[in-house]
Amino acid sequence: MEGLKQLLSRKTRFIPRTQAQALAALSEGIVDESVFIWKAVNIHPVFEEPWDLGEVERLLSKEDLDLETTLLLMTIFERLIRNPDKELALFAAESINAVEQRRSKRIQKLRAAGSKDLARELRELGMICFARPVLKNFYLSEALAALRSSRDRGEGSDERDEALEIGILIDLHRIDEAKTCLTEAVAAHPADRKLRLLAAKERFARRDFRGVACAFGTAAAVAADAAVAVAADAAAAADAAVAAETGADGEYEALRSFWSGGRPCNE
Amino acid sequence: MDMIQRKTLRILTESFLLAIAPAAASLFLGSDPGFLALRGAPVLAAGPLFAAFYGFGWGLAETFMAAAAGFLAAPALAGVLDASWLVMAADRLLFGAAATVPALFLLAFARRRTDQFRDRMLGRFRLAVRRTAALDRKVKALERVNRVLENRVSGQKDSITLLHNQVRKLASLNLERALAAVLETVELFTETSSSSVWIPSSDSGKLVPAAVRGWSDGAERSAALDPELTIEGYVLRNKKPFSARMVLDGSEFDRYDTDRNIITMPIIINDKVWGVLNIEDLPFERYSLYTESVLAILLGLSEPYLRAIMEYESMHALQEVDEDTGYPEFSILYNTLTKELGRFAMESGSLTLIVVEMANFEEELGRHSRTKLKKQLFALKDILEKSKGVKFRSYHFKNDNQIALLLDGLDKDGASFFCLDILTLCSSFSPATDGEFTPLEIIVGFASSEGAAGGADAMIETAEHLLSIQRL
């Protein structure tokens, strides 16, 4: 933790356990800055063996964990659950249960409130259960059902919901259904880049690699057309077309460039 | 009605009520309208009170109103308003009236100072509240950023430390373990859900899986690939990597089935393609130049370790050959059996282990050398091959008087009939050793992979069990 110099220069023997405690101790003059830096800034990747269970517990204790971190923790727990050390395996099992319980409670609240975020939350829970395919598919199907019933109740559906539905269908490997939904969604919102990306993803899932390139090509053409239509005069139209072609969204353009091949697209 | 008008109306109402209140009180309390006995103090007090609350102007106005009500209206109503009363009032009120005006000034001044002080305090308070709110917003934003940064750091799956830990697993001189570590590292760094390593089989000339990861049970897969018709074969022949987007560049890959390949890379050891790493499934978001580069780096890092394993295995294989017969030892048989059973777990097929034991080996040792007797057993294997018209894979078994044969494609009944054939053949045969005929007493044990569980150990145990029964 500390070098000899820091140990010698330490004001007290107090060692804070949490970041908040370290900050309070620093402001009260009980510890010096190096202790706070050690406790508050010394973050390291948690996905390393031997597992830092303290760090894992610290992350797990956060109520508002994002999906990526939750997935990472679940990956660690799925490994720990096969550990020969029974205590570790039990810790992993309890942690998995805690994560699922937390999400389930959130889902119950959203269901009771009739929130539109229910489908999104169910999908996330499905993704979290990646190690148990049956459970994963169940939650994904539930998410799809929630989304569709919300639409049937006439609560409206925007591009975001359509993208979510297509994403869930791809996750469920219901590629043909996803394709049908995509065709309708893209026809309704031809300039939507997210839908175009989903179209590329759906074709990638079908191993239609030329189709992926075509999806990006069509997206670029639609964006350029839209830009030209919006621009009032010829010069502005030319500028807008160039802007659309070069793209403000660097990552999208990088992806498009990655997928651009030498063969013309037939679509 | 705006706020100022409402306030003005309220003050006017208050001033009117406060002006008539002392006058009315003086009427009801007795025969002293305007409280002249008290020098008009209750009536004149209304003005300074108003000045303290609303300022000098309002205080002066209230003074006049209260004085008018107390010293004119009240005596008039009481019927005492006449010249003598006015003279007496002027005499009695002179001091009070003189004291009221400076009091008005003083109270108005004090009120202004208090207002200024209050305004200053309020300004400082508002500023502090604004600053606190801004600080609160800033703290919350920084907390969010800190949380994201923390999650990014602690959530790193492709860190150098992890790579280092994974690479350390390769230094085991165990090919199976090393390839498993390679595939695990590939999974960690690319998020692939299915990957495999393919190597050419010296027996069939096809590509067979040396290691797999993420192959789900029950899924139909081919466990032997034709190198001429597959991307894996293309990569192996051309020593060039394949990436899905390459199908866009030309018709070179049109004749191949690309359903199984997203990225396929050659595993090069000593400048020769030893095998092929195939990424069979990859999230769309992860298919990028970065992933391609990471795979190339991982294979580059694995190369020295895999080379060491290959050298070790070839050296070990040379050591594990019997000096007298030139046939592989039991350890090679065990490894082969383990690998083959692993292959049959992925594709249909069966493997039969037949152990042939010379029961009179010890008796014959008195008359013949051990070397000659060992060779005699393998001579029996040659005759069997000629008789059946097929080649067997032959190995030494645990003892010198035992040999093992591996046969593909036999079921349990076929294996038992085959063993009967061996016994029949041996009963009519005595091979020559140095011109002498050695009588062969043969017992046979066998085990089939069909329906057997437990791997190589279980098969060996079954065959040995049959032998032990026959020895009795």
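Two strands count as paired if DSSP finds at least two bridges between them. With that in hand, a reader can start at a simple turn in chain B of this predicted model: a hairpin of 5 residues leads from β7(B) to β8(B). These two strands run antiparallel and are joined by 4 bridges. Within the pair, B:Y395 stands opposite B:A404 in β8(B).

Strand β6 (residues 351-358) of chain B runs antiparallel to strand β8 (residues 402-408) of chain B, and the two pair over 7 bridges. One residue to look for here is B:V356, whose bridge partner in β8(B) is B:I403.

A helix covers part of the sheet.

Two packed helices are described by the angle between their axes and the distance between the axes. For helix α10 (residues 330-344) of chain B and α14(B), the angle is about 120 degrees and the axes are 8 Å apart. This angle makes α10(B) oblique to α14(B). The crossing of α10(B) past α14(B) is right-handed. On the α10(B) side the contact consists of B:Y334, B:L337, B:T338 and B:L341, and these meet B:G455, B:A456 and B:M459 in α14(B). By type, the residues of this contact are 5 nonpolar, 2 polar and no charged.

Chain B has another open sheet, this one of 5 strands. Their order is β2-β1-β5-β4-β3 (chain B), with antiparallel pairing. Strands β2 (207-213) and β3 (242-243) of chain B form the edges, and each of them pairs on one side only.

Strand β5 takes part in two pairings that can be traced in turn. Strand β1 (residues 194-200) of chain B pairs with strand β5 (residues 272-281) of chain B over 5 bridges, in the antiparallel sense. Along this pair, B:S196 stands opposite B:N278 in β5(B), and B:S194 has B:D281 in β5(B) as its bridge partner.

Helix α8 (residues 231-238) of chain B touches β1, β2, β3, β4 (263-269) and β5 of chain B, and its direction makes about 35 degrees with that of β4(B). Helix α9 (residues 289-319) of chain B touches β3, β4 and β5 of chain B, at about 30 degrees to the direction of β4(B).

The other pairing of β5 is with β4. Here 7 bridges join β4(B) to β5(B), and the strands run antiparallel. B:M265 stands opposite B:L277 in β5(B). The two strands form a hairpin with 2 residues between them, and B:N270 in the turn has a positive phi of about 55 degrees.

B:P22 sits in helix α1 (residues 3-29) of chain B. A residue is buried if 20 or more other C-beta atoms lie within 10 Å of its own; B:P22 counts as buried because it has 23 C-beta neighbours inside 10 Å. Apart from neighbours within four places in sequence, B:P22 is in contact with B:F35, B:P42, B:V43, B:A46, B:A66 and B:G70. The C-alpha atom of B:P22 is also 7.5 Å from that of B:G34, which is 12 residues away along the chain.

The last stop is the contact between the chains. Chain B gives 22 residues to it and chain A gives 24 residues. On the side of chain B that touches chain A, the elements that give two or more residues are α5 (83-154) and α6 (160-170) of chain B. The largest share of that side comes from α5(B), with 4 residues. The residues on the chain B side divide into 7 nonpolar, 10 polar and 5 charged.

Technical notes:
Residues are numbered from 1 along each chain as its sequence is written. Chains are lettered from A and ligands numbered from 1 in the order in which they are written. This is a predicted model: local features need pLDDT of at least 70, side-chain atom pairs count only at pLDDT 80 or more; totals for chains, interfaces and linings use all residues. Two residues are in contact if their C-beta atoms, placed from the backbone, lie within 7 Å. Ala, Val, Leu, Ile, Met, Phe, Trp, Tyr, Cys and Pro count as nonpolar, Asp, Glu, Lys and Arg as charged, and the others, Gly among them, as polar. Axes are lines fitted to C-alpha atoms, for helices over the stretch in contact, and angles run from 0 to 180 degrees between N-to-C directions. Angles under 35 degrees count as roughly parallel, over 145 as roughly antiparallel, 65 to 115 as roughly perpendicular and the rest as oblique. A crossing is left-handed if the near helix is turned anticlockwise from the far one by less than a right angle, and right-handed if clockwise. A residue is buried if 20 or more other C-beta atoms lie within 10 Å of its own, exposed if 12 or fewer, and partly exposed in between; C-beta atoms are placed from the backbone.
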